[in-house]
Amino acid sequence: MIELIDLSVWKNQKDILKELKEVYDIKTSSREWRNQVEKWNKRFAAGEVDIYITHSNKYGYKATKIYEEAKIGRDDYLKRALDMLKKVRECDRAFRDRKNLKYDFMEEKIK
């Protein structure tokens with residue numbers, strides 16, 4: 001599916017899905033498109049293809065051999081990963097704090 005789309009310039013996901021449907025009669029979801037990009041990039045990492053598909057929240061998707069362009073998507077993945085780690089830390093802290101109950105011996109109550 002990716003081979004059908006010209007990604008030599010930035011193209012947003014909406015236009016990609018529209019082109020797939022109108023030109024190639026391929027109806028696919030945005031989730032399936034992202035899965036295809038992920039599979040493609042795994043092939044790139046394995047040395048099976050020469051082009052990496054990068055993404056940008058602002059510009060969309062682009063095929064590239066230039067690391068500086070690929071870093072746009074890479075940096076987005078890093079930011080998302082850090083955000084997820086922050087949520088994990090908050091969850092762990094919340095449950096840990098709930099375990100640290102305080103007992104008031106004067107009032108004979110758990111606080």
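Predicted model: local features only at pLDDT ≥ 70, side-chain atom pairs only at ≥ 80, totals over all residues.
Residues are numbered from 1 along each chain as its sequence is written, and side-chain values use heavy atoms, with hydrogens and water left out.

H1 spans residues 13–24 and H2 residues 30–45; they pack at about 95°, with axes 11 Å apart. On the H1 side, Gln-13, Ile-16, Leu-17 and Leu-20 meet Ser-30, Trp-33 and Arg-34 of H2 (contact means heavy atoms within 4.5 Å). Sorted by class, that contact has four nonpolar, two polar and one charged residues.

The loop between H1 and H2 holds Asp-25. Asp-25 isn't a glycine, yet it has a positive phi of about 55°. Asp-25 is also exposed, at 70% relative accessible area (exposed means over 50%, with a 1.4 Å probe and protein chains only).

Then there's the largest pocket, with a volume of about 380 Å³. A pocket here is an open set of points on a 1 Å grid where a 1.4 Å probe fits, with protein on both sides within 12 Å along at least five of seven lines; lining residues have an atom within 4 Å of a point. The lining counts 16 residues, and Arg-34, His-55, Tyr-61, Tyr-77 and Arg-80 lie nearest the centre. H2 gives the most to this lining, five residues. By class, the lining of the largest pocket has four nonpolar, eight polar and four charged residues.

Notes
Axes fitted to C-alpha atoms, helices over the stretch in contact; angles between N-to-C directions. Helix = DSSP H or I, 4+ residues; strand = E, 2+ residues; numbered from the N terminus. Nonpolar A, V, L, I, M, F, W, Y, C, P; charged D, E, K, R; others polar. Buried < 20%, exposed > 50% of the residue type's maximum accessible area, 1.4 Å probe, protein only. Points joined across faces, edges and corners; volume = space filled by probe spheres on them.
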